Amino acid sequence: MAKILFVDDSRDNADSLATFFKLLGHETEVAYDGDSAVELTGRFAPDIAFIDLRMPMLDGFDTAREFRSRLGEKPVLIALTGQEWASTGDAAGRAGFDGYLQKPAQASALAKLVDALAT
């Protein structure tokens, strides 16, 4: 099973995804902003992090950069956002994201992705 971090200023979205994956047997943590997510790296090193791009203060791009500078190539970083990839893809790649999913993402699609990444 994987250690998964959900970073989203939408508490409902982050909490529901964390609960779903916890029920599937994964270890999950939630952060409601980028600063809290970066602080979590001291005690929770996720295998996969789903990060919203548009958050106040430390946005998803800067959060990804901080993760990369602190943790290197691990974890797998997935942008989970309402923005279209065409407008954010290059910036997300430069920030260190490995992939992208547009909200609202289906839980079943996320579960398949996690299964593929966790193997």
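Me: In which strand is F6 found?

Reply: This is a predicted model. In it, F6 belongs to strand β1.

Me: Is F6 buried or exposed?

Reply: A residue counts as buried when its relative accessible area is under 20%. F6 has a relative accessible area of 2%, and it is therefore buried.

Me: Which residues is F6 in contact with, leaving aside its neighbours within four places in sequence?

Reply: Its contacts are A14, L17, A18, F21, T28, E29, V30, A31 and F50.

Me: How do strands of a sheet pair, in general?

Reply: They pair through backbone hydrogen bonds, and the pairing is either parallel or antiparallel. In this structure five strands form an open sheet with parallel pairing, in the order β2-β1-β3-β4-β5. β2 (27–31) and β5 (99–102) are the edge strands, each pairing on one side only. On average, neighbouring strands of this sheet are turned by 20 degrees against each other, direction ignored.

Me: How many bridges join β1 and β2?

Reply: β1, which covers residues 3–7, pairs with β2 in the parallel sense over five bridges. Within this pair, I4 stands opposite T28 of β2.

Me: Which strands does helix α1 lie across?

Reply: Helix α1, residues 11–23, lies across β1, β2 and β4 (76–81), and runs at about 175 degrees to β2. Helix α5, residues 107–118, also packs on the sheet, where it touches β1, β3 (48–51), β4 and β5. The direction of α5 makes about 145 degrees with that of β3.

Me: At what angle do α1 and α5 pack?

Reply: The angle is about 55 degrees, and the axes of α1 and α5 are 11 Å apart. Angles of 65 to 115 degrees count as roughly perpendicular and those under 35 as roughly parallel; α1 and α5 are therefore oblique to each other. The crossing of α1 and α5 is right-handed. On the side of α1 the contact is made by L17, F20 and F21, and on the side of α5 by A107, L110, A111 and V114. By kind, the residues of this contact divide into seven nonpolar, no polar and no charged.

Me: Where is T41 placed?

Reply: T41 is in the loop between α2 (34–40) and β3. Its relative accessibility is 13%, so T41 counts as buried. Not counting residues up to four places away in sequence, T41 touches F67, R70 and L71.

Me: How many helices and strands does the chain have?

Reply: The chain has five helices and five strands. From the N terminus on, these elements follow the pattern β-α-β-α-β-α-β-α-β-α. Of the 119 residues in the chain, 43% are buried. Among contacts between residues at least 6 apart in sequence, 61% join residues at least 24 apart.

Definitions and conventions. Residues numbered from 1 in each chain as written. Predicted model: local features only at pLDDT ≥ 70, side-chain atom pairs only at ≥ 80, totals over all residues. Heavy atoms only, no water. Pairing = 2+ DSSP bridges. Helix = DSSP H or I, 4+ residues; strand = E, 2+ residues; numbered from the N terminus. Axes fitted to C-alpha atoms, helices over the stretch in contact; angles between N-to-C directions. Contact = heavy atoms within 4.5 Å. Parallel < 35°, antiparallel > 145°, perpendicular 65-115°, else oblique. Left-handed = near helix turned anticlockwise from the far one by under 90°. Nonpolar A, V, L, I, M, F, W, Y, C, P; charged D, E, K, R; others polar. Buried < 20%, exposed > 50% of the residue type's maximum accessible area, 1.4 Å probe, protein only.
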